Amino acid sequence: MFQDLATANVILGPPGCGKTHTLIEIVKDALDRGISSESIGFVSFTKKAVTEAQTRAGAAFNLLPQEMPFFKTLHAMGYMMLGMQREDVMSRADWRAFAAELGTQINGPSEQFLEDGALLPTGMAAGDKYLRVIERAKMRCLTLEQEYNEGQHYGLDFSMMQRFNQLLDVYKAQLNKFTFVDMLDRFLDYGEVPRLRLLIVDEAQDLVPLQWLVVHKLAMNADEVYIAGDDDQAIHRWAGAQPSTFISLSRDPRILTQSYRLPRSVFHVARNLVNRIEDRVEKQYNPLDEEGEVRYYHSPRYVDFSSGSWSYLARTNKMVTDLAETMRDEGYMYSIKGNPSVNKDVAQAIRSWEHLCNGGAIDLRAVKSMYQLMPKQGSKATLRRGATKLLDAAAGADSFTLAQLGEHYGCLATPDTHAYDVLNLGLDDRLYIDALRRRGEVIWNEPRIKLSTIHAMKGGEDDNVALYLGWTWACSESEFPSDEHRVFYVGATRARHNLHIIEGCERYNYAL
């Protein structure tokens, strides 16, 4: 049995150096040696990392997800090994009910943040701020008082926080419910440890102390352990991660030395950034044999986003929201966290209506989706009330023309009715969609431009990356300046070909 994480095999993967590919090759070697896929564990703090590994392994080795039962996030591992069900976990409704009892507002952790590996609520509701400190204390294995003082959460009332914590414990006990952090805590105390021949821990630089304890428990019952990550990309201290833990294990690491992403010009920017980081493991790696391009701008409005695939990255969610408003004003189509700036259902309904007006036919699902958006009463009604029910009797029909919809299925709009009027879109939406179409955008396609925080883009890449240098006072005054260098290093190294560096319109800007 494996005994000590200090003797684990450590792999350091700089940006684009094929870390996931290397880990999948380790899985392949294990399978070739006769180790069952059901005896291989692949864990990380993010669902994104685990899903990518599971997808790649499944495609490479013809494995189904159920044949890789221990490819899990760490909290999902606890969930499974404790035999928990969905109803055992605090839901949005539970948080709302508890918030009402406490006399505050709580949103709780969202599914999107779980995708990114964050177990803490990131909302700004009053209750979320208290909950964030309480859960962060558990993740850092500290008392509430220690977390309050070390994290300098002095804007929150400590007596209120203690009351919040006590009432939450009572509330959860009464309902027999748990948070995502509880899954880790309870796994340490009660969880059965799977017998693993191989354990791989990915993105280890961003594990919090509680997750490291879970890794240690899993490793105690494993034969081989690989720990992979990059201390230069440790950007989750806000959630309790401590890069020093990962660095302390990296005494004799295997360093991947060839980036398959970064062209030379982007690589040089990245090296300038990474050299500002203190207390790091030195890693020499090489860029692609391609020049690429780095451009600098004084304002977001000077960037030409009219063609190509883009990721537009900013330091905070507020900045991303502000950038979205600018992009909309400029008539660009974009997405935030996978949600396009033109609602998918609206875009498809416009497509369906225009296809019908051109003499085409659409299937039943497209008709029902379009009908859901059409006004059914008042002077602007384009659909008779009860028309959707008429479609239920037409379940056997393969397709419908506009004439058929008008004659038999309650459609009041005619071929000369504009799609905007059919859906009763507001003026702002009409002007925005018109601007997009003048730019040649196909509104029902996936947007070429993705807006994101740098944190949410971790592990991603794009042909063009626009890196917004806007900063906050808290970032500029951070007692961990190396963490800020790491964040912008991660942002810059998402670029496959071109990096566009944009001076922020904020009071504070990161000095690249």
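**Ground rules**

I am working with a predicted model, in which local features need pLDDT of at least 70 and side-chain atom pairs count only at pLDDT 80 or more, while totals for chains, interfaces and linings use all residues. Residues are numbered from 1 along each chain as its sequence is written, and side-chain values use heavy atoms, with hydrogens and water left out.

**Whole chain**

I began with the secondary structure and found 21 helices and 15 strands in the protein chain. Helices (H or I, at least four residues) and strands (E, at least two) are DSSP runs, numbered from the N terminus. The radius of gyration is 26 Å, close to the 24 Å that the globule rule gives for 512 residues, so the protein chain is as compact as a globular protein of that length. For my own reference, that radius is taken over C-alpha atoms, and the globule rule is 2.2 Å times the number of residues to the power 0.38.

I then noted the extent of the C-alpha trace, about 75 × 60 × 55 Å along its principal axes. Buried residues account for 52% of the 512 residues. Here buried means under 20% relative accessible area, exposed over 50%, and partly exposed in between (1.4 Å probe, protein chains only). I also looked at contacts (heavy atoms within 4.5 Å). Among those between residues at least 6 apart in sequence, 77% join residues at least 24 apart.

**Helix α1**

Helix α1 covers residues 19-32, and its 14 residues reach 20 Å from first C-alpha to last, close to the 20 Å expected at 1.5 Å a residue. The expected span is 1.5 Å times one less than the number of residues. I listed its buried residues as K19, T20, T22, L23, I24, I26, V27 and A30. What do the buried residues of α1 pack against? I found β1 (9-12), β2 (40-44), α2 (47-61), β4, β5 (222-229) and β6 (254-255). After α1 comes G34, with a positive phi near 90°.

**Helix α4**

In α4 (residues 92-102) I marked D94, W95, F98, A99 and L102 as buried. They cover an arc of only 135° around the axis, which puts them on the same side of α4. That arc is the one made by the directions from the helix axis to the C-beta atoms. The face turned away from the buried side carries the exposed residues R96, A100 and E101. The cover over the buried residues of α4 includes α6 (126-139) and α8 (158-175). Just after α4, G103 takes a positive phi of about 80°.

**E147 in helix α7**

I stopped at E147, which lies in α7 (residues 144-150). Is E147 buried or exposed? E147 is buried, with a relative accessible area of 0%. Leaving out residues up to four places away in sequence, E147 touches V133, R136, A137, R140, L142, Q152 and H153.

Most residues other than glycine have a negative phi. E203 sits in the loop between β4 (196-201) and α10 (209-219), and E203 counts as buried at 11% relative accessibility. N424, also a residue other than glycine, has a positive phi near 55°. N424 is in the loop between α18 (419-423) and α19 (427-438), where N424 is partly exposed at 35% relative accessible area.

**T472**

My next stop was T472, in the loop between β13 (470-471) and α20 (473-476). T472 counts as partly exposed at 24% relative accessibility. Not counting residues up to four places away in sequence, T472 touches T316, M319 and Y508. T316 is 156 residues from T472 along the chain, yet their C-alpha atoms are separated by 8.5 Å. A polar atom of the T472 side chain lies 3.1 Å from the backbone nitrogen of C475.

**Cysteines**

How many disulfides does a search of the whole structure find? I got 0 disulfides, taking one as a pair of cysteine sulfur atoms within 2.5 Å. The sulfur of C357 has its closest cysteine sulfur in C411, 8.8 Å away, too far for a bond. C357 is partly exposed at 26% relative accessibility. For C505, the closest cysteine sulfur is that of C475, 16 Å away and also too far for a bond. C505 is exposed, with a relative accessible area of 56%.

Technical notes:
Polar contact = N/O pair within 3.5 Å; in protein donor to acceptor, adjacent residues only side chain to side chain.
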